[in-house]
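Please look at the sequence and the 3D structure below. The paragraphs that follow lead through a few parts of the structure in turn.

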Amino acid sequence: MIQPGCEQLPDRDLKLKVDEFSSTIGMFKGLEIDVGRIYSEDWDEAMGPTPWPSVGTLREWDRKLLKRYKPFYMPDCDLCCLCTFGKCDLTGDKRGACGLNMAAQQSRIVLIAAFIGASTHTAHARHMLNHLIEEYGRNTPIEVAVNTGVEAPNIRLVCGIRPKTLKDLKDVLDYVESQIVQLVAAAHTGQEGDNIDFESKAFHAGMLDHVAMEVADISQISALGLPKGEPETSLAEVGYGAIDSSKPVIMCIGHNVLPSIDIIDYLMNNNLFGQVEVGGLCCTAHDMSRYNERAKIVGPISWQLRFIRSGIPDLIVVDEQCIRTDVLQEAKAIGIPVIATSEKSCLGLPDRTSDSPERVIEDLSLGKNDGVLILDPRKVGEVSVKTAMNVWKRRGGKKGFKIKEIEELAGTCRGCGACVQACPNNLPIDVAIKAAREKNYEPLVSLYDLCVGCGRCESACPVDLPIISMITKANEKSTILEKYPIRVGRGAIQDVEIREVGQPIVFGEIPGVIAMVGCANYPAGTGDVAKISEEFLKRRFIVVASGCSAMNIAMTRDEDGLNLYQKYPGNFDAGGLVNVGSCVANSHITGAAIKIANIFAKRPLRGNYEEIADYILNRVGAVGVAWGAMSQKAASIAAGCWRLGIPVVVGPHGAKYRRMLLGRKEKEEDWKVYNARDGKEVYVGPVPEHLFYAAETQEEAVVMISKLAMRPNDTNKGRAVKLTHYIDLHQKYYGSTPDDLHLYVRRLQDIPFTMRDEVVKILQEQNWVEDKIASPDPTLLDRLVRKRE
Amino acid sequence: MMPGKMITGQIAEIPGPQKALIIQSAESVAAMVKRASRPLFVFGSEAQNITTNDGDLIDAAIKLTENPKNTIVTTGHTIAEFRRRKVEKVFSMQLMNLGDRLRDPDWGGFDGKGVYDLVVFVGFTYYLEWLVLSGLKNFAIGLKTISLDRTYQPNAGWSMGLMTEREWKDTLEKIVSMLVEVA
């Protein structure tokens with residue numbers, strides 16, 4: 001039975017308009033016939049209880065989660081300044097003029113971040129879908145992955161439909177957009193007032209986000225021919241050295257690949273690929289390489305400033321999301337133009353979409369315009385390629401930094417330390433500048449990998465030192481050559497792979513699936529994501545990667561000169577390193593967890609969100625890791641994981657999302673589930689312990705990740721495998737055996753054989769009792785109890 | 001009489017109207033800690049990277065353990081460094097878990113004897129300490145907090161002001177030496 005409150009299926013599809021119609025019964029003028037949405041019903045799965053869920057439909061499920069994982073708020077601001085009653089001071093137990101308290105205000109900010117993120121992916125998906133329908137037709141079939149029947153697990157789960165062609169995805173986006181409007185409205189002054197309800201709405205935004213991301217990625221996979229889930233995609237190159245700077249260089253920045261596709265097509269159609277280099281920064285680069293591996297990946301989002309300052313690009317093309325909003329000023333400083341291609345990011349540029357390419361090329365090449373806005377992706381290719389070639393000629397091959405000598409610049413430093421205060425990581429910039437005065441560049445060199453490239457140090461500097469440029473120039477000789485192989489994003493996980501690994505994951509014998517996602521706001525350099533990944537790859541976890549993390553994982557080599565993509569295979573199996581692709585490909589990660597419940601466990605998928613999320617929370621040892629999470633999109637991606645029962649670990653900067661979702665492992669009453677076999681409520685121990693957690697150090701994160709992979713459903717063998725890793729990692733990084741093993745060992749068979757004596761001794765000290773922790777058929781949903789005693 | 005005064009010109013990310021009082025002297029910190037019935041010292045993951053007059057912040061923490069009234073906890077994976085230095089009288093808890101418990105009036109503490117009434121933070125990255133102190137300022141009403149890090153932490157109850165490295169090391173040395181003494 002469909003729960004009350006669920007949105008109805010979108011009701012429009014066939015529209016017939018007849019200007020004039022003559023029949024035996026008379027003459028009709030301006031006749032319009034509108035027929036409701038028709039889905040071909042060859043899907044024999046019955047509709048579940050929550051298709052097209054509205055804002056409140058899954059509220060009870062959210063509240064179950066939030067009762068266990070309570071928010072810990074860390075306000076970034078004690079004030080609310082969103083209406084004219086304010087500013088209102090909410091410190092402590094105060095309330096604002098509207099009645100809101102601090103907890104509600106913080107959860108409101110969490111919601112705002114989540115719906116900004118969800119909106120961003122949805123807008124991306126809408127642009128992508130509309131364009132692809134216009135270019136390839138609304139009946140273009142959805143073909144996502146080989147050996148795969150469940151083409152769109154998030155859409156099937158949330159919407160209860162099985163999309164077959166691009167036009168079916170329009171309804172999905174209609175639904176997502178209508179829901180986001182509801183969420184935005186809830187954040188208005190004088191609407192929602194309860195922090196837990198705000199949190200539930202943030203979860204809703206996250207769930208919608210994964211649906212929207214799925215729309216974006218499966219539509220581009222289907223229409224543009226991106227890789228269809230093949231494990232061993234080709235190797236592309238990532239890094240400065242991937243770019244031949246002696247040629248004209250087009251630098252594409254952002255996330256929406258459509259303009260870049262036109263550039264690649266133009267190069268291909270005109271046999272210019274050998275003459276012009278096209279590279280990307282951030283997720284656009286991933287999708288460019290998925291489209292054509294000859295496109296180069298320069299690096300993650302944090303490299304924007306340093307790569308522009310290097311002087312290597314001859315033209316910058318920006319699409320949307322995470323682009324530096326001062327890109328025009330930066331480009332101007334090195335004498336190159338910018339082409340903006342999205343209505344969401346016009347940058348103040350003149351709209352030249354309708355002008356002839358020749359005129360635009362001339363104006364950009366001669367510097368009459370610093371940049372232009374071209375909103376039709378199919379007009380970007382020719383303008384970009386010809387402009388880059390002209391600018392390259394005009395520059396006469398004179399690329400490189402346009403700054404004075406480092407020691408000369410360093411000589412003007414006042415030593416005030418404002419740069420260090422402004423730096424998100426408090427890097428010792430002042431010390432490095434001081435050393436540079438004496439021509440000792442080593443400290444500057446060492447900052448390169450630690451710098452997140454935000455440029456706040458430059459803004460703070462009272463003498464306007466170009467600190468990012470100085471750091472980059474000090475590293476010029478080494479960085480200019482750096483390039484690494486990266487396995488091109490493969491997209492979805494195949495159904496056949498899920499069939500192979502479903503059982504060992506659910507029983508715990510594959511100890512977990514670790515998803516390395518998100519941005520590049522790292523606390524201690526790019527190497528951490530590779531270290532975390534390898535720690536788990538060596539232990540035969542499945543590691544999935546996307547976005548900037550997938551790029552940075554490539555940028556660490558071992559003593560044999562190999563990186564992780566060269567050492568580990570790309571299949572979704574124990575010890576596999578799976579690059580799914582760009583941000584929107586994150587939907588395949590949640591999709592894989594959903595498919596485990598559906599394909600392996602045969603749980604019905606269609607409009608059946610709660611049951612699938614309950615299954616994942618209790619059985620699938622998946623953990624999301626966003627070590628450098630920066631954006632609102634990262635927040636909404638995480639929120640989609642939380643509602644689905646997947647814990648997320650972020651780096652210390654992730655604490656700036658100002659709210660954690662933390663379990664209290666010592667409170668037994670928080671860790672009870674129903675045993676679906678007999679309906680009894682039983683204690684299962686604190687697994688997984690947290691839903692959203694910021695680690696202070698990479699070492700802390702590794703230990704916590706291994707612990708969060710435990711689930712109530714683990715078999716004895718599976719729990720023993722997981723405990724082996726938890727204990728071993730704890731000993732490695734904390735220098736001791738964990739003191740909370742009595743909460744995770746259910747019976748003696750759970751204890752790793754090689755650690756038995758030591759663990760038993762610890763358990764005895766903790767007055768551990770065998771079978772106090774139950775091993776039920778676990779569920780939080782009373783309705784899933786099969787038999788009651 | 002408050003052992004500090006509000007200084008509005010400190011360089012910091014200011015959260016709102018309620019800001020930390022500046023610690024005026026080592027003696028005032030020592031007095032506050034001695035007045036507390038259950039003080040807790042929290043040493044962050046930067047502790048081993050921050051040098052003091054006679055070692056690093058780990059050494060300072062080890063000295064503080066000499067006074068049984070002081071409870072010392074370290075966050076991140078810093079406990080490993082204490083273990084390497086053969087120190088057992090230090091607890092370990094991850095910062096988020098600790099912040100979550102410090103706001104809970106029913107938390108029994110590391111010894112099961114109840115909540116702490118004063119918490120002293122040192123050895124953290126600026127922003128992370130800022131955020132956790134914000135959480136405590138707003139949701140652990142009544143809990144007194146002190147930051148001994150070198151930069152002004154506006155969300156603490158009391159904080160060091162911005163000072164030179166030399167001044168900070170001297171002040172810290174005095175504070176530690178006074179708190180080692182058993183009352």
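**A walk through chain A**

Pro53(A) lies in the loop that runs between β2 (26-35) and α1 (59-68) of chain A. Helices (H or I, at least four residues) and strands (E, at least two) are DSSP runs, numbered from the N terminus. The model is predicted: local features need pLDDT of at least 70 and side-chain atom pairs count only at pLDDT 80 or more, while totals for chains, interfaces and linings use all residues. Residues are numbered from 1 along each chain as its sequence is written, and chains are lettered from A and ligands numbered from 1 in the order in which they are written.

Is Pro53(A) buried or exposed? Pro53(A) is buried because 26 other C-beta atoms lie within 10 Å; a residue is buried with 20 or more such atoms within 10 Å of its own C-beta, exposed with 12 or fewer, and partly exposed in between, with C-beta atoms placed from the backbone. Between the C-alpha atoms of Pro53(A) and Gly525(A), which are 472 residues apart along the chain, there are 41 Å.

Chain A is divided into domain 1 (56-224), domain 2 (238-395), domain 3 (406-479) and domain 4 (486-784), with bounds that come from an automatic or database domain assignment. The centres of domain 2 and domain 3 of chain A, taken over C-alpha atoms, are separated by 28 Å. Eight residues from domain 2 of chain A and seven residues from domain 3 of chain A take part in their contact, where two residues are in contact if their C-beta atoms, placed from the backbone, lie within 7 Å. On the side of domain 2 of chain A that touches domain 3 of chain A there are three nonpolar, three polar and two charged residues. Here Ala, Val, Leu, Ile, Met, Phe, Trp, Tyr, Cys and Pro count as nonpolar, Asp, Glu, Lys and Arg as charged, and the others, Gly among them, as polar.

Next comes a sheet. Strands of a sheet pair through backbone hydrogen bonds, either parallel or antiparallel. In chain A, eight strands form an open sheet in the order β3-β19-β22-β18-β17-β14-β15-β16, with mixed pairing; two strands pair if DSSP finds at least two bridges between them. The edge strands are β3 and β16 (577-581) of chain A, each of which pairs on one side only. Within the sheet, β18 (residues 648-650) of chain A runs parallel to β22(A) and is joined to β22(A) by three bridges. Val650(A) has Ala694(A) in β22(A) as its bridge partner.
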